[in-house]
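Q: I would like to go through this model with you before setting anything up. Could you begin with the confidence and then turn to the side chains?

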Amino acid sequence: MANNKINTALQEVLSGNLFTREFFRRQYKLLMLIVVLLFISINNGYKGNAQRQKIRKLQETITEKRYEVLDLSATYTELTRASSISRKLQETNSKVRESTEPPIRIQ
């Protein structure tokens, strides 16, 4: 008897007669709403994944740019150091020399 019920239920599902029953005819709007909400949920999942990937790429770019700024800052500091400027002036045989007299304080 249980086997007969299973066969009958399976036969109704495969033939499509299941959807002609009174319950499904009364609730088709609700079922359509559930299907639409399911599609919206799937779409939101894909959009969320795409946004997470974009955020990850932007964070990697920010990290790279921070390293570049750090490197440029170190280079700038090295180039503007007084000893570096003095050495470059000597290498180019410039007439500009570093002052050997201390600055005078104006009172």
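This is a predicted model: local features need pLDDT of at least 70, side-chain atom pairs count only at pLDDT 80 or more; totals for chains, interfaces and linings use all residues.

Q: What does the chain average in pLDDT?

A: The average is 86, and 94% of the residues score at least 70.

Q: On to charges. How many salt bridges does the structure hold?

A: There are five salt bridges in the structure. One of them pairs the side chains of Glu-60 and Arg-56, at 3.6 Å from N to O. Another is formed by Lys-65 and Glu-68, at 3.8 Å.

Q: Where do Glu-60 and Arg-56 lie?

A: Both are in helix α3, four residues apart, which is about one turn of the helix. Lys-65 and Glu-68 are also both in helix α3, three residues apart.

Q: Why does Lys-65 count as partly exposed?

A: Lys-65 counts as partly exposed because its relative accessibility is 46%, and the class lies between the limits of 20% and 50%.

Q: Where is Arg-81 found?

A: Arg-81 is in the loop between α3 and α4 (82-91). A polar contact of 2.9 Å joins its side chain to that of Glu-78. The C-alpha atoms of Arg-81 and Val-35 are separated by 69 Å, with the two residues 46 apart along the chain.

Q: Is Ser-84 buried or exposed?

A: Ser-84, in helix α4, is buried, because its relative accessible area is 1% and the cut-off for buried is under 20%. Leaving aside neighbours within four places in sequence, Ser-84 is in contact with Glu-78 and Leu-79.

Q: Switching topic: which residues make the nonpolar surface patch?

A: The patch is made by Leu-30, Leu-33, Ile-34, Val-36, Leu-37 and Ile-40, and covers about 520 Å². Among these residues, Ile-34 is found in helix α3 and is partly exposed, with a relative accessible area of 47%.

Technical notes. Residues are numbered from 1 along each chain as its sequence is written. Side-chain values use heavy atoms; hydrogens and water are left out. pLDDT is the predictor's confidence in each residue, from 0 to 100. Helices (H or I, at least four residues) and strands (E, at least two) are DSSP runs, numbered from the N terminus. A polar contact is a pair of N or O atoms within 3.5 Å; within protein, one must be able to donate a hydrogen and the other to accept it, and residues adjacent in sequence count only if both atoms are side-chain atoms. Patches are made of residues with over 30% relative accessible area and no salt bridge: like charges are joined within 9 Å, nonpolar side chains (Val, Leu, Ile, Met, Phe, Trp, Tyr) within 5 Å. Accessible areas come from the Shrake-Rupley method with a 1.4 Å probe; for residues, only the protein chains shown count as cover. A salt bridge is a side-chain nitrogen of Lys or Arg within 4 Å of a carboxyl oxygen of Asp or Glu. Buried means under 20% relative accessible area, exposed over 50%, partly exposed in between (1.4 Å probe, protein chains only). Contact means heavy atoms within 4.5 Å.
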